[in-house]
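Please open the model in your viewer and keep the selection tool at hand. The stops below go from single side chains to the whole chain.

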Amino acid sequence: TVTGAMKTGFQKVGSKQVYYGDDGIMRYGEQKIAGKWYLFDTVTGAMKTGFQKVGSKQVYYGDDGIMRYGEQKIAGKWYLFDTVTGAMKTGFQKVGSKQVYYGDDGIMRYGEQKIAGKWYLFDTVTGAMKN
């Protein structure tokens, strides 16, 4: 039944997922909805997922469109995202009680790794740096 009633919230329009605010206006760009961050295409309004560049930071949005934080296993690889900004972290990082290393691509490294001309050894399962 066609009622002509204004729709709000998340809506499927063709093949894209979009969001209309309480005022009925489609939202674009970064949006905080119910306390969670989403990203919508600045032209089409389509909800974005996966790795995205937002300003100067690399972030990740799950299949549900929500920005991810902390440790995340994506396509079988471990990444670390800032718990406040969602920015992907690289380099040496403290995760719990272990020291680990994330390459420039954000992926946790394992085994022998040459970093800045020096060799390091990381556990092949946990990624923890060995002494």
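For the first stop, one cut-off is needed: a residue is called buried when its relative accessible area is under 20%, exposed when this is over 50%, and partly exposed in between. Keep in mind throughout that this is a predicted model.

Select Asp 64, which has a relative accessibility of 38% and therefore counts as partly exposed. As background, side chains of opposite charge can pair when their charged atoms come close.

Next, select Lys 48 together with Asp 41, whose side chains meet in a salt bridge with an N to O distance of 3.6 Å. Lys 48 has a relative accessibility of 26%, so this residue is partly exposed. Then move to Lys 89 and Asp 82, where the side chains also meet in a salt bridge, at 3.6 Å from N to O. With a relative accessible area of 27%, Lys 89 is partly exposed. The count of salt bridges in the model comes to six.

From here, go to strand 9, which covers residues 91-95, and select Gln 93 within it. Is this residue, Gln 93, buried or exposed? Its relative accessible area is 17%, and because that value is under 20%, Gln 93 counts as buried. If residues up to four places away in sequence are set aside, Gln 93 touches Leu 80, Lys 98, Gln 99, Val 100 and Tyr 102.

Finally, clear the selection and view the whole protein, which has twelve strands and zero helices. Its radius of gyration is 19 Å, well over the 14 Å that the globule rule gives for 131 residues, so the protein is more spread out than a compact globule. Taken along the principal axes, the C-alpha atoms fill a box of roughly 70 × 25 × 25 Å. Of the 131 residues, 40% count as buried, and the protein exposes about 8200 Å², with carbon and sulfur atoms supplying 50% of that area. Among contacts between residues at least 6 apart in sequence, 23% join residues at least 24 apart.

Technical notes. Residues are numbered from 1 along each chain as its sequence is written. This is a predicted model: local features need pLDDT of at least 70, side-chain atom pairs count only at pLDDT 80 or more; totals for chains, interfaces and linings use all residues. Side-chain values use heavy atoms; hydrogens and water are left out. Helices (H or I, at least four residues) and strands (E, at least two) are DSSP runs, numbered from the N terminus. Buried means under 20% relative accessible area, exposed over 50%, partly exposed in between (1.4 Å probe, protein chains only). Contact means heavy atoms within 4.5 Å. A salt bridge is a side-chain nitrogen of Lys or Arg within 4 Å of a carboxyl oxygen of Asp or Glu. The radius of gyration is taken over C-alpha atoms; the globule rule is 2.2 Å times the number of residues to the power 0.38. Accessible areas come from the Shrake-Rupley method with a 1.4 Å probe; for residues, only the protein chains shown count as cover.
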